[in-house]
Each structure stands twice: as C-alpha cells, then as structure tokens.
Amino acid sequence: MDKKNKTGTEQATMISIKGEIDIYSIGKFRELIEKKIATQAPQIILDCTELSYMDSTGMGVLIELRNKAKEMGQKIIMMNPRPNIKKLLNITGVDKIIDIIENPINQA
C-alpha cells in the first residue's frame with residue numbers, strides 16, 4: 001500500500017490509496033487514516049482508484065477505523081474502488097456501512 005496526494009479542506013480530507021492493503025501494509029494504512037481522523041474533517045475520502053487488492057486484515061481495520069470515525073462524528077467514504085474491491089465490500093456487507101462513490105465530492 002502506498003499513499004499519495006493527501007489533500008484536506010474544512011469539509012473533507014482525501015487520501016489516495018495505491019497498491020495493496022494486506023497484513024504487510026496494514027500498519028501504514030491504519031496510521032494514515034488515524035491521522036486523518038484526528039484532523040476532525042467531517043468526511044474522510046479514500047480514493048481507491050489505484051487500490052488493487054484488500055485482504056480480510058484490511059477489511060477488519062477499515063471497519064474498525066470507520067467505527068472510530070463515526071464516534072468522532074466523521075464519515076469514511078470510498079471513492080472509485082475497482083470491481084474486485086466492490087465485490088468484496090458487497091459480499092461482506094461493508095458497503096452497507098461505508099459509502100461508496102464513483103466521483104469525488106468537495107474536490108480541493
């Protein structure tokens with residue numbers, strides 16, 4: 001997992017996720033999202049355009065971070081996930097608790 005293009009506004013903060021989220025990269029992913037939660041931006045948008053793979057470890061941490069954000073009055077949104085990621089989100093029901101969008105909102 002590699003990160004790039006971190007932008008923030010008062011309304012939202014966007015993080016571009018690239019590569020894989022798995023047991024080997026989960027620490028970086030968790031740290032990056034927790035930092036964004038600490039900004040208290042109402043929306044944390046994960047640009048998943050270049051996210052190629054997510055395993056169950058990634059899914060578990062994503063749910064955990066979504067819950068932490070919700071407690072802070074924030075919302076995690078996944079933008080442009082690839083079909084394999086969308087399928088995983090659908091099968092696990094995560095698409096019911098995390099919004100998935102095809103286009104960004106509040107572009108910087």
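**Reading helix α1 and its chain**

Analyst: Let's start with the layout: along the sequence, this chain runs β-β-α-β-α-β-α-β. Keep in mind that the model is predicted.

User: How many helices and strands does the secondary structure come to?

Analyst: The chain has 3 helices and 5 strands.

User: Which residues of α1 are buried?

Analyst: Buried means under 20% relative accessible area. In α1 that applies to I26, F29, L32, I33, K36 and I37. These residues span an arc of only 140 degrees around the axis, so they lie on the same side of α1.

User: And what is exposed on the other side of α1?

Analyst: For exposed, the cut-off is over 50%. On that other side, K28, K35 and A38 are exposed.

User: What follows α1?

Analyst: Look at Q40, which comes after α1 and has a positive phi, near 65 degrees.

User: Zooming out, what percentage of the residues in the chain is buried?

Analyst: Of the 108 residues in the chain, 41% are buried. The chain exposes about 6000 Å², and carbon and sulfur atoms supply 48% of that area.

User: How do I read sequence separation in the contacts?

Analyst: Take the contacts between residues at least 6 apart in sequence, and ask what share joins residues at least 24 apart. In this chain that share is 72%.

How values were computed:
Residues are numbered from 1 along each chain as its sequence is written. This is a predicted model: local features need pLDDT of at least 70, side-chain atom pairs count only at pLDDT 80 or more; totals for chains, interfaces and linings use all residues. Side-chain values use heavy atoms; hydrogens and water are left out. Buried means under 20% relative accessible area, exposed over 50%, partly exposed in between (1.4 Å probe, protein chains only). Helices (H or I, at least four residues) and strands (E, at least two) are DSSP runs, numbered from the N terminus. The arc is that of the directions from the helix axis to the C-beta atoms. Contact means heavy atoms within 4.5 Å. Accessible areas come from the Shrake-Rupley method with a 1.4 Å probe; for residues, only the protein chains shown count as cover.
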